Amino acid sequence: MSSASPGEGRAAVVIEDDLEIRNLVCAVLEQGGFQVSSAASGREGVEVVRDKVPTVVTLDIGLPDIDGYEVLRRLRSDSDCYVVVLSGRADEMDILTALQAGADDYVLKPFRPRELRARIDAMLRRPRRESAPPPPSAPTPAAKADKTPDTASLLRVGSLVIDGDARTATCSGIELQLTKTEFNLLHDLVRNNGAVRTKNELVRVARGKDYRGYNFVSRTDERAIEVHIANLRQKLAHGNDESTLIATVRGVGFRLMARSEDSR
Ligand code: CA
């Protein structure tokens, strides 16, 4: 793993009322090269974020004045900083509410410092949640006449390479035989670079653009996603892909992890 500090020269704000956790999170971010400020209440946190214009905010949900969701709503009215929610509540609804209110990721307490650092590093590497998918690769007139695909449409995790234009997934050079839905789901998980994707979001991905505007997601739709993911895991295993893992986020959904994240 690279020892580069993704936070070098950037600001971060820690909003957390528990002094011990606040000090720990500040230390993790400082090690990551961030200029760290902190706040012990929600209102103060909103003020500090407006003042410092940070790249990253870590946000506790249980705060003494306004709760973390309200802080998120206030932040999202004028800031597109990356927000990672640090929640002690493993409740599915809390996590979903935070993601829907505009959080980019969440980490459950208690957490290991290196886990938090890894999640923040991954968050900084991926495009904003709202941003469009990577643009279609522009043909380069001077492109060499070899068979190397335009790298703009290629996504890599471990030995897995996804070509969004050709709609192919290869594992150590061997193409995986995926259905259209399986490809769409895998592409989405890779594109989100370790971020948790809710089953609800994945249902929309599986439906594709034909269903845009059709919003109802039933329990059966979500069960179907579980089946697709199980099939995908099998195909990845058959493709001898030992570098990646579709991890289950209990009660929420799935995310794609590089296995090295485990052992770091
Ligand atoms: Ca708290």
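## Questions about a predicted model

Asp188, Arg191, Arg197 and Glu201 are linked in a network of salt bridges. The model is predicted, so let's walk through it with a few questions.

Reader: How many salt bridges does a search of the whole structure find?
Author: Good place to begin! Side chains of opposite charge can pair when their charged atoms come close. The network of Asp188, Arg191, Arg197 and Glu201 is built from such bridges. Over the whole structure, the search gives a total of 17.

Reader: Which residue forms a salt bridge with Asp65?
Author: Let's look at where the pair sits. Here the closest N and O atoms are 3.7 Å apart, and a salt bridge needs them within 4 Å. Asp65 is in the loop between β3 and α3, and its partner, 22 residues apart from it, is in helix α2 (residues 42-52). That partner is Arg43.

Reader: Are Asp65 and Arg43 buried, exposed or partly exposed?
Author: The label comes from the relative accessible area: buried means under 20%, and exposed means over 50%. Asp65 has 32%, while Arg43 has 47%. Both values lie in between, so Asp65 and Arg43 are partly exposed.

Reader: About how many helical turns separate Glu70 and Arg73?
Author: These two form a salt bridge, with 3.4 Å between their closest N and O atoms. Both belong to helix α3, where they are three residues apart. Because of that spacing, the separation is about one helical turn.

Reader: Is Asp121 buried or exposed?
Author: Asp121 meets Arg117 in a salt bridge at 3.4 Å, N to O. The two are four residues apart in helix α5 (residues 113-125), so about one helical turn separates them. Arg117 is partly exposed at 24%. Asp121 has a relative accessibility of 13%, and since the limit for buried is under 20%, Asp121 counts as buried.

Reader: What separates the C-alpha atoms of His238 and Cys171?
Author: His238 is placed in helix α8 (residues 219-238). His238 is exposed, with a relative accessible area of 69%. Along the chain, His238 and Cys171 are 67 residues apart, and their C-alpha atoms are separated by 9.7 Å.

Reader: Which residue takes a positive phi in the hairpin of β6 and β7?
Author: Strand β6 (residues 154-157) and strand β7 (residues 160-163) pair in the antiparallel sense over four bridges. Val157 has Leu160 in β7 as its bridge partner. Two residues lie between the strands of this hairpin, and the one with a positive phi near 55° is Gly158.

Notes: Residues numbered from 1 in each chain as written. Predicted model: local features only at pLDDT ≥ 70, side-chain atom pairs only at ≥ 80, totals over all residues. Heavy atoms only, no water. Buried < 20%, exposed > 50% of the residue type's maximum accessible area, 1.4 Å probe, protein only. Salt bridge = Lys/Arg side-chain N within 4 Å of Asp/Glu carboxyl O. Pairing = 2+ DSSP bridges.
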